[in-house]
Amino acid sequence: MKKPEISRRMFLAGSAAAIAAGCATTGKKGKAPAKISTRSPNEKLNIAGIGAGGKGIADLSGCGSENIVALCDADLNQTRQMAAKHPNAKIYQDFRVMLEKQKDIDACTVSTPDHFHAVAAMGAMLAGKHVYVQKPLTHTIWEARKLAETARKMKVATQMGNQGHSGNGVRELCEMIWSGAIGQVKEVHCWTNRPIWPQGLDRPDIKDTPPKELNWDVWLGPAPDRPYVSKHPVTGKNCYHPFVWRGWWDFGCGALGDMACHIMDPPNWAMKLGHPLSVEVVSQEGITKEQAPNKSIIKYEFPARGDMPALTLYWHDGGNMPPRPANTPADEVLGEGDNGSLFIGEKGAISAHCYGEKPTLHPISLMKDYKAPAPTLERIPEEDHYKDWIQACKGGKPACSNFDYSGPFTEIVLLGNLALRTGKKLEWDGPNMKVTNCPEANEFVSKQYRKGWEIV
């Protein structure tokens, strides 16, 4: 695997020609390091949204207690709702230009397609900005490792947008598991109804003209160049933008990328997972070179961890469901039905909803006499993921899903896509980010970046 170019080029200074050439020089030898923005708990942050439509609306609204000073989106149509709400916010299409021109920004939310997360977050952190980045944290495993390293180096406040990690439910689940409610756990299942967008397609041989409001070159960002297509000829729906980018390997991470950072979060925390030993595809349907499959089952194997035994974790998507625990009635709902997690222990089973809410013993009749253990994990005030990050930006304790937690977790999630793309059982050397038995799989640990969009 050819390593991505190691460069400090991230921001664009000067003319449009310089922007097109990607000749930024931030961070070169002799230049002072970026100053980290600081605010007192009583001051408001100046927040910029990189990605201002779709999920960006929710993320910026979650930060509504602060000053929203800039909105950046390759598609100006996506900025309209938040621009109306924040009329004094400056509008940009390229985050690199925004960071170069607007010096009053303290923090950024990153709510773009997956392929853009790391590029935008890295640029913001190197400029001394705190960052809140939507899930999955990154598009590749290598990017997740680099973001976590850079966040520590820059000493900025970070948070991944898996909001369930701020909830009481996932903490209650951890406390149930750790108190021995179902004994030792050796098997876990996670499942989702995703994808709910088209997958299993090939790239259309079509070239359309992008709408005038959309800067297609910026939307592509680090991804390989390809022409804009408005409608896919098979589905008759949007081809790439907006929303349906999730199924394309160049832009998204499929069902795993959309939901595993939520649904696998309770197992990751409760079972103290760490690096898996291997990952393999049990079944998949509809995968193509260009897109993730319509449905799949993926198997992860984890070694013993402290006093916890070796564990097998299964990921089910596309409507695939986990096996029903022993003695559980057929009409008893697991998780929230079409999304959830299930822990099989030596003394019983526990399921939880998508974000770890409502942990429940199975059969449910066991809950009647169950007494929850005393809380041992600190609760997040108001279970508010955004406020948790905002307080960290203002000098408070690190946010609960900061990159030291969410970076390694994202590495686990994305490893499943390596198995999907190779169709082989992969033996994983986590510390060195290397597949040891299938050299071709290492191509997907990282990726190549278009010139002008490289990350360090």
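In what order do the six strands of the open sheet stand? The legends below, which describe a predicted model, begin with that sheet.

**View 1. The six-stranded open sheet.** The strands follow the order S3-S2-S1-S4-S5-S6, and their pairing is parallel. At the edges stand strand S3 (90-92) and strand S6 (158-160); each has a single partner strand, so one side of each is left without a neighbour in the sheet. From one strand to the next, the twist averages 20 degrees. Strand S2 (residues 67-72) is joined to S3 by three bridges in the parallel sense, and alanine 70 has lysine 90 in S3 as its bridge partner. Helix H5 (residues 114-126) packs on the sheet, where it touches strand S1 (46-50), strand S4 (107-110), strand S5 (130-133) and S6. The direction of H5 makes about 165 degrees with that of S5.

**View 2. Strand S10 and its partners.** Seven of the seven residues of strand S10 (residues 311-317) are buried, so the strand is largely enclosed by the rest of the structure. Leu311, Leu313, Trp315 and Asp317 point one way from S10, while Thr312, Tyr314 and His316 point the other way. Strand S7 (residues 185-191) pairs with S10 in the parallel sense over five bridges, and glutamate 187 stands opposite threonine 312. Strand S9 (residues 295-302), by contrast, pairs with S10 in the antiparallel sense over seven bridges; here phenylalanine 302 stands opposite leucine 311.

View 3. Side chains of opposite charge can pair when their charged atoms come close. The whole structure holds 21 salt bridges, and one of them joins glutamate 149 to lysine 146 at 3.7 Å, N to O. The two residues are three apart in helix H6 (residues 141-154), and therefore separated by about one helical turn. Glutamate 149 is partly exposed, with a relative accessible area of 35%, and lysine 146 is also partly exposed, at 21%.

**View 4. Salt bridges between separate parts of the chain.** Arginine 450 and aspartate 217 meet through their side chains in a salt bridge of 2.9 Å, N to O. This pair links distant parts of the chain, 233 residues apart: arginine 450 lies in the segment after strand S15 (434-435) and aspartate 217 in helix H8 (residues 216-220). Arginine 450 counts as buried at 18% relative accessibility, whereas aspartate 217 is partly exposed at 39%. In another salt bridge, the closest N and O atoms of arginine 226 and aspartate 250 are 2.7 Å apart. Both residues lie in the loop between H8 and helix H9 (254-263), and the pair ties together parts that are 24 residues apart in sequence. Arginine 226 is buried, with a relative accessible area of 3%.

Definitions and conventions
Residues are numbered from 1 along each chain as its sequence is written. This is a predicted model: local features need pLDDT of at least 70, side-chain atom pairs count only at pLDDT 80 or more; totals for chains, interfaces and linings use all residues. Side-chain values use heavy atoms; hydrogens and water are left out. Buried means under 20% relative accessible area, exposed over 50%, partly exposed in between (1.4 Å probe, protein chains only). Helices (H or I, at least four residues) and strands (E, at least two) are DSSP runs, numbered from the N terminus. Two strands pair if DSSP finds at least two bridges between them. Axes are lines fitted to C-alpha atoms, for helices over the stretch in contact, and angles run from 0 to 180 degrees between N-to-C directions. Contact means heavy atoms within 4.5 Å. A salt bridge is a side-chain nitrogen of Lys or Arg within 4 Å of a carboxyl oxygen of Asp or Glu.
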